[in-house]
Amino acid sequence: MADGRPGAALAPSVAAVRVAVRRALAGLPADGPVLVACSGGADSLALAVATAFVTSRLGRSAGLVTVDHGLQAGSVERAAAVAGWAGRVGFDPVEAVPVTVAGRPGGPEAAARQARYQALTDAARRHRAVAVLLGHTRDDQAETVLLALARGAGPRGLAGMPVRRDVAGVPLLRPLLDVTREQTRDACAALGLVPWQDPHNTDPSYARARVRADALPALVAALGTGVRDNLARTARLLAADTAALDDLAAAALATPGSGSDGSASAASAPRDRPPDGSALDGSARGGPVRDGSAPDGSGVRAGAGLSVAALAGLPGAVRGRVLHAWARELGATPGALSHRHVDALDALVTAWHGQGPTALPGGRRVGRRDGRLLPVD
């Protein structure tokens, strides 16, 4: 791996990556370093050399972390080579961190990602870094949107990778989401850098590699060269919409409802009785029951539960987010909590006919009683 030519003429691709990094660093606290996550591939290598340049001009420190997943022959040597290069060009601190992928939940890609992010956030805390920079590009974003479409993801999945995501209290930033993979490769070539070619990127056993090699090129051939940009723009638009809906859901959860102690007037109390008049015990069945009260907009919390009337008055997209967030509050396992669980909770509000409690992953159950959704034993 060459060290780059600091005196080389400024190529447009080099300028584009530097501008993206400078924008990402704007507003970050100055009392700690930024860390670059670098595998040695073109994307992260272009990000690293641009970060070294920009931080030197801003008078702030930058470190580098390379993660050895131990999944390929020679991975130890590769990590050592990246760390050696980083030390020569002035990064401090520099770490090559080995991780164990086997035994983690999910498929191989998800397990490797989880191990990598844990290593990066741990390193950030050790060095009191203010952020970790990741090298995902516009092409990566387009691939992420296609993968989300294929698995039937909702707006959150189609929003792709966020520019910023806080993990375990550490900001993870993606400065290059408006930079193409071609630009990062050109930047490396212009600076005399020789990137590492990860064989996993062309391994057809990985879904992302198949999308990169086959699906996305086929779409470009059929629909034109703007496909990648359009997919990435779709992600940006959905990310903005998702953030707005998340804010509405958070506000609904944060504000106590008018019946926050679970009380209600006789005139407005929801009637949680199936049509046969029996009390809710999880065994009654019948037609839908409509609550007699309307939400007052003051929030959905009602004592230890949520007000059915307030939930029913929310738009479906907001109500689903409220129920998802509340289920996590109750201890539902985040990785196992799916749309099916949220739909079952929603049915207790919008399609209730006396059905019993809904089971959540993690062992908690939620039922409907006295106009509220409540955790039950």
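Guide: Of the contacts in the protein with a separation of 6 or more, 69% are between residues 24 or more positions apart, contact meaning heavy atoms within 4.5 Å. This is a predicted model, in which local features need pLDDT of at least 70 and side-chain atom pairs count only at pLDDT 80 or more, while totals for chains, interfaces and linings use all residues. Residues are numbered from 1 along each chain as its sequence is written, and side-chain values use heavy atoms, with hydrogens and water left out.

Visitor: Why is Asp140 called buried?

Guide: Buried means under 20% relative accessible area, exposed over 50%, and partly exposed in between (1.4 Å probe, protein chains only). Asp140 has a relative accessible area of 7%, and is therefore buried. Asp140 belongs to helix α5, residues 138-150; helices here are DSSP runs of H or I with at least four residues, strands are runs of E with at least two, and both are numbered from the N terminus. Leaving out residues up to four places away in sequence, Asp140 touches Asp43, Gly135, Met161, Arg181, Arg208 and Arg212.

Visitor: What makes Arg128 and Ala168 exposed?

Guide: The relative accessible area of Arg128 is 70%, so Arg128 is exposed. Ala168, at 55%, is therefore exposed as well. Arg128 lies in the loop between α4 (108-126) and β4, and Ala168 in the loop between β5 (164-167) and β6 (170-173). Phi is positive in Arg128, near 55°, and also in Ala168, at about 55°; neither residue is a glycine.

Visitor: How many disulfides does a search of the whole structure find?

Guide: The search finds zero disulfides, a disulfide being a pair of cysteine sulfur atoms within 2.5 Å. For Cys38, the closest cysteine sulfur is that of Cys188, at 8.8 Å, so the two are too far apart for a bond. Both residues are buried: Cys38 has a relative accessible area of 2%, and Cys188 has 1%.

Visitor: What is meant by a nonpolar core, and which residues touch the most other members of the largest one?

Guide: A nonpolar core is a set of buried Ala, Val, Leu, Ile, Met, Phe, Trp, Tyr and Cys residues joined through side-chain atoms within 4.5 Å. The largest one has 35 residues, of which Leu64, Trp85 and Phe91 touch the most other members. Helix α2 gives the largest share, eight residues. Beyond its neighbours within four places in sequence, Leu64 is in contact with residues including Leu35, Cys38, Trp85, Phe91 and Pro93. Pro93 is joined to Asp92 by a cis peptide bond, with omega about 10°, and is found in the loop between α3 and β3 (94-98).

Visitor: How is the packing of α11 and α12 described?

Guide: Two packed helices are described by the angle between their axes and the distance between the axes. Axes are lines fitted to C-alpha atoms, for helices over the stretch in contact, and angles run from 0 to 180 degrees between N-to-C directions. The axes of α11 (residues 316-329) and α12 (residues 339-350) come within 9 Å and cross at roughly 115°. In this contact, Arg319, Gly320, Leu323, His324 and Ala327 of α11 meet Val342, Leu345, Asp346, Val349 and Thr350 of α12.
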